[in-house]
Amino acid sequence: MLKRLELIGFKSFADKTRFDFHDGITAVVGPNGSGKSNVVDAVRWILGEQSAKSLRGGEMADVIFNGSASRRSLGMAEVTMTFDNARKILNSDAAEVQVTRRVYRDGTGEYLLNGQICRLKDLKELFLGSGAGPGTYCIIEQGRVDALLQSSTKDRRLIFEEAAGISRFKAKKLETLRKLEATSQNLSRVKDILGEID
Ligand code: ATP
């Protein structure tokens, strides 16, 4: 499903760096401090991570390349992830989906979906039920396996529901129930007014 990851100015990746993912297992290997975890941070960031701390930084702009002995710092970080969506796992009709996130030094930023500026909400909807997205199990860090095993049966069930694609229907059901409630309130208001007219 994940086809390509492109980083520009993200953490230690000052130059445009492209990772192509092929069928099967991909392993990123390298010496300590060479930037392996930064690649995982980039994936988490593009999936909508809002916490700078979980990206091992103090604030969001910390993901921007900070400069090195031989290179000046940059003003923007950009990550683009390309998904093969032939099996329609993401909530989009497109056969290939491209998601981009940018952040500038002043902390502002933007999200793009297939090259068009979009809201974080659009991306959340895109990923909902796909198993990708913020807070899902698609990235299992050291320690998370233990946490999963030790979590309550209720919490574990939520993880399986997201994996099975049920959570998107649950979210839709909640939204519909909310609309139903609003409509029934409107109805009772209309009845009151009708009563007053009578
Ligand atoms: P380990 O195996 O020790 O976990 P790693 O290969 O996973 O290492 P990372 O933790 O991904 O390495 O990368 C750390 C490197 O990234 C450090 O050298 C750090 O200086 C660099 N780095 C992190 N943030 C930035 C930034 N904003 N600008 C430039 N370099 C950065």
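A salt bridge is a side-chain nitrogen of Lys or Arg within 4 Å of a carboxyl oxygen of Asp or Glu. Searching the whole structure turns up 14 of them. The structure is a predicted model, so local features need pLDDT of at least 70 and side-chain atom pairs count only at pLDDT 80 or more, while totals for chains, interfaces and linings use all residues. Residues are numbered from 1 along each chain as its sequence is written, and side-chain values use heavy atoms, with hydrogens and water left out.

One of the salt bridges joins the side chains of aspartate 41 and arginine 44, at 3.6 Å from N to O. These two sit three residues apart in helix 1, which means that about one helical turn separates them. Helices (H or I, at least four residues) and strands (E, at least two) are DSSP runs, numbered from the N terminus.

Helix 1 turns up again in the largest pocket, where it gives the largest share of the lining, seven residues. A pocket here is an open set of points on a 1 Å grid over the protein atoms alone, where a 1.4 Å probe fits and protein lies on both sides within 12 Å along at least five of seven lines; lining residues have an atom within 4 Å of a point. The volume of the largest pocket is about 1,200 Å³, counted as the space filled by probe spheres set on the points. It has 37 lining residues, and Leu2, Phe21, Val43, Cys138 and Ile139 are the closest to its centre. Strand 1 (2-8), helix 1 (36-46) and strand 3 (76-84) each supply at least two lining residues. Sorted by class, this lining has 19 nonpolar, eight polar and ten charged residues. Ala, Val, Leu, Ile, Met, Phe, Trp, Tyr, Cys and Pro count as nonpolar, Asp, Glu, Lys and Arg as charged, and the others, Gly among them, as polar.

The second largest pocket holds about 360 Å³ of space. Helix 5 provides the largest share of its lining, six residues. By class, that lining comes to three nonpolar, one polar and seven charged residues.

Then there is the ligand. Around it are 15 residues, of which Gly33, Ser37, Asn38, Ile64 and Asn66 come nearest; a residue is near if one of its heavy atoms lies within 4 Å. This shell divides into three nonpolar, eight polar and four charged residues. A backbone N or O atom of asparagine 38 lies 2.7 Å from a ligand oxygen, and a polar side-chain atom of arginine 56 lies 2.9 Å from an oxygen of the ligand. For aspartate 62, a backbone N or O atom is 3.0 Å from a ligand nitrogen.

Methods: Polar contact = N/O pair within 3.5 Å; in protein donor to acceptor, adjacent residues only side chain to side chain.
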